[in-house]
Amino acid sequence: MSLRERGPGGAAEAGEEAAAAEPDGPERGLSLLPWDRFSAWLHCVCVVGFDLELGQAVEVIYPPHSKLTDKEKTNICYLSFPDSNSGCLGDTQFCFRFRRSPGRKVSLCCFLDQLDRDLPVYLKKDPAYYYGYVHFRQVRDKSLKRGYFQKSLVLISKLPYVHLFRTMLKQIAPEYFEKSEAFLEAVCSDVDRWPPPIPGKILHLPIMGIIMKLRIPTYRDKPGTTPIVQNMHQADAQISMALPTVHEVDLFRCFCPVFFHIQMLWELVLLGEPLVVMAPSPSESSETVLALVSCISPLKYCSDFRPYFTIHDSEFKEYTTRTQAPPSVILGVTNPFFAKTLQHWPHIIRIGDIKLPGEVPKQVKVKKLKNLKTLDSKPGVYTSYKPYLNKDEEIVKQLQKGVQQKRPTEAQSVILRRYFLELTESFIIPLERYVASLMPLQKCISPWKSPPQLRQFSQDDFMKTLEKAGPQLTSGLKGDWLGLYRHFLKSPNFDGWFRSRQKEMTQKLEALHLEALCNENLVFWSQKHTEVETVDLVLKLKNKLLQADREQLPVKTDTLKKLRTHINDIILALPDDLQDILLKTGT
């Protein structure tokens, strides 16, 4: 199948749908080609099987034109099957994350970047990585030499929407294993009819006779709130399924095995410390790693994380070497070999089978690393780390009470998510307040000078602000907050957060500079200056317009219209020969 072919209905059908879906959205005026809609959600769908001679092998890639390098295929092969020691019989779901090979272009790059800008920072795509969402089936089959049928259906995507793709796999994987390739083609054809993944809109995604209803969060949403997507009775009797979230995991269920250490784990993730999760299966390892990464939300975890990592991974040597300190990364592993390979790592979480406690969990002490001999060691946290903050006994009591009262796990997760959110916000608000003070005053912005620079971040100046405007204003937790901040300021998470804020504030200064220019009488200015100076001004203003569009500066539409009018008025006041040249120069 060629790059732009598709099934019945072809490009005309795709064009009609593109016109019909969300005409006021970011895709307005965009010519969506066949498979563009599919590409906005998924890179491809793979089927990985087990060959007696070759081992794991990619049997099918759909759509057939999808590009994967040999290295990517090898990673997908090994990451799509549980380690043999996991003993996963029946159906198992998990996810993994792997590095993309560099240098690949995306046809919808500008369009998808535009959608990405409206997402909360922790849901923005990382162009260097793909996610793999796996539905693995292993069942006894005497007709096969190995005695088992082993196959994985894998969705490869840049989007971190674990709950959406898990729900989708639950719907399609069982039927795929029965009906095979023609069914897969029909699934992909359905995805290619989906509206683009626009944050903030209620989206209806049809998949094999069922409609999934969901809403992708936006950066404007108040942290910790999830607008409810209601189930509606469809007039056409199609089954509708409302997804409460696209990306969240069951936080309480994941943290149950390490119930008493949640606050210490929050500190370790916040500080970007090297962490290994040793689990009995990829389901448990991937869920726990994703729960850890999400516990510092709305901060973005800026280091690498691998929900499921194997000895065959292309970064295995890089991440397990003893010639340098362990990197800032969270790894989820299941192979017993890692108990030896990673025993030099400073923080190891060992979890057993994740089960919700039927009774109140007993207090468990942090274990010493030297006691971790094998993957069969007792569940717990193995570290010599001393938390900066005093333990919050209140959250532990609240969750214990929930276990006693048989409170639903969803409700327990809401309590835990709110606790992590309030802790993170108490920590980050003083930083936000200080960084906002680095912004120059609006009166310093002159239309005739370049926009002023942000003042430099000073650790000493920031630390001085904490005495009167520190986390004590919003959190009752005692402890060494200053020590925690000093450690955080050296971490990849601070670096990522500060770069993001710096970019936002610089763009705000550029936008304010544009507005200042618009409020000037530019035609009057041009009449008092030479033609050379006026032409120079026109070219600079045109560059400003291009920059505003390219960087999506936070400028009002009216301001841009006003600036275009100014440019045209200045050009029309110039001699005819100059007018012709300047009007032909692209805007």
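This is a predicted model: local features need pLDDT of at least 70, side-chain atom pairs count only at pLDDT 80 or more; totals for chains, interfaces and linings use all residues.
Student: Let's go to Leu153. Why is Leu153 called buried?
Tutor: Buried means under 20% relative accessible area. Leu153 comes in at 0%, so it counts as buried. Leu153 is in strand 5, residues 148-157.

Student: What does Leu153 touch?
Tutor: Leaving out residues up to four places away in sequence, the partners of Leu153 include Val45, Cys46, Val47, Tyr133, His135, Ile172, Phe177 and Leu184. Leu169 is one of the partners too. The C-alpha atoms of Leu153 and Leu169 are separated by 8.1 Å, and the two residues are 16 apart along the chain.

Student: Where else does Trp266 turn up?
Tutor: In a cluster linked by ring pairs. Phe427, Tyr434, Phe457, Tyr485 and Trp497 are among the other members.

Student: How many aromatic pairs are there in the whole structure?
Tutor: The search finds 36. One of them is Tyr131 with Phe305, at 6.5 Å centre to centre and 50° between the planes.

Student: Why is the pair of Tyr131 and Phe305 called tilted?
Tutor: Planes under 30 degrees apart count as stacked and over 60 as edge-to-face, with the rest tilted. At 50° between the planes, Tyr131 and Phe305 fall into that remaining class, so the pair is tilted. The pair also links distant parts of the chain, with Tyr131 in strand 4 and Phe305 in strand 10, 174 residues apart.

Student: Are Tyr131 and Phe305 buried or exposed?
Tutor: Tyr131 has 10% relative accessibility, so it counts as buried. Phe305 is at 6%, so it counts as buried as well.

Student: How do you know that the charged end of Arg97 sits over the ring of Phe305?
Tutor: The distance part asks for CZ of Arg within 6 Å of the ring centre, and there is an angle limit of 35 degrees from the ring normal. Arg97 is 4.0 Å from the centre of the Phe305 ring and is listed as sitting over it. Arg97 also lies over the face of Tyr129, at 3.9 Å from that ring centre.

Student: What makes Asp192 buried, and what does its side chain reach?
Tutor: Asp192 has 2% relative accessibility, so it counts as buried. Its side chain reaches the backbone nitrogen of Trp35 at 3.2 Å. Asp192 is in the loop between helix 6 and strand 6.

Student: Which residues have the most contacts inside the largest nonpolar core?
Tutor: Trp41, Met168, Phe255 and Leu431, in a core of 111 residues. Helix 13 gives the largest share of this core, 10 residues. Another core, of 23 residues, lies apart from it and includes Val523 and Leu574.

Student: Now the backbone. What makes Met208 and Lys406 worth a look?
Tutor: Most residues other than glycine have a negative phi. Met208 has a positive phi of about 50° although it is not a glycine, and phi of Lys406 is near 55°. Met208 is in the loop between strand 6 and strand 7, whereas Lys406 is in the loop between helix 12 and helix 13.

Student: Which peptide bonds are cis?
Tutor: Most peptide bonds are trans. The bond from Tyr62 to Pro63 is cis, with omega near -5°, and so is the bond from Ser297 to Pro298, with omega near 10°. Pro63 is in the loop between strand 2 and helix 3, and Pro298 is in the loop between helix 9 and strand 10.

Technical notes. Residues are numbered from 1 along each chain as its sequence is written. Side-chain values use heavy atoms; hydrogens and water are left out. Helices (H or I, at least four residues) and strands (E, at least two) are DSSP runs, numbered from the N terminus. Buried means under 20% relative accessible area, exposed over 50%, partly exposed in between (1.4 Å probe, protein chains only). A polar contact is a pair of N or O atoms within 3.5 Å; within protein, one must be able to donate a hydrogen and the other to accept it, and residues adjacent in sequence count only if both atoms are side-chain atoms. Rings of Phe, Tyr and Trp (its six-membered ring) pair if their centres lie within 6.5 Å; planes under 30 degrees apart count as stacked, over 60 as edge-to-face and the rest as tilted. A nonpolar core is a set of buried Ala, Val, Leu, Ile, Met, Phe, Trp, Tyr and Cys residues joined through side-chain atoms within 4.5 Å. Contact means heavy atoms within 4.5 Å.
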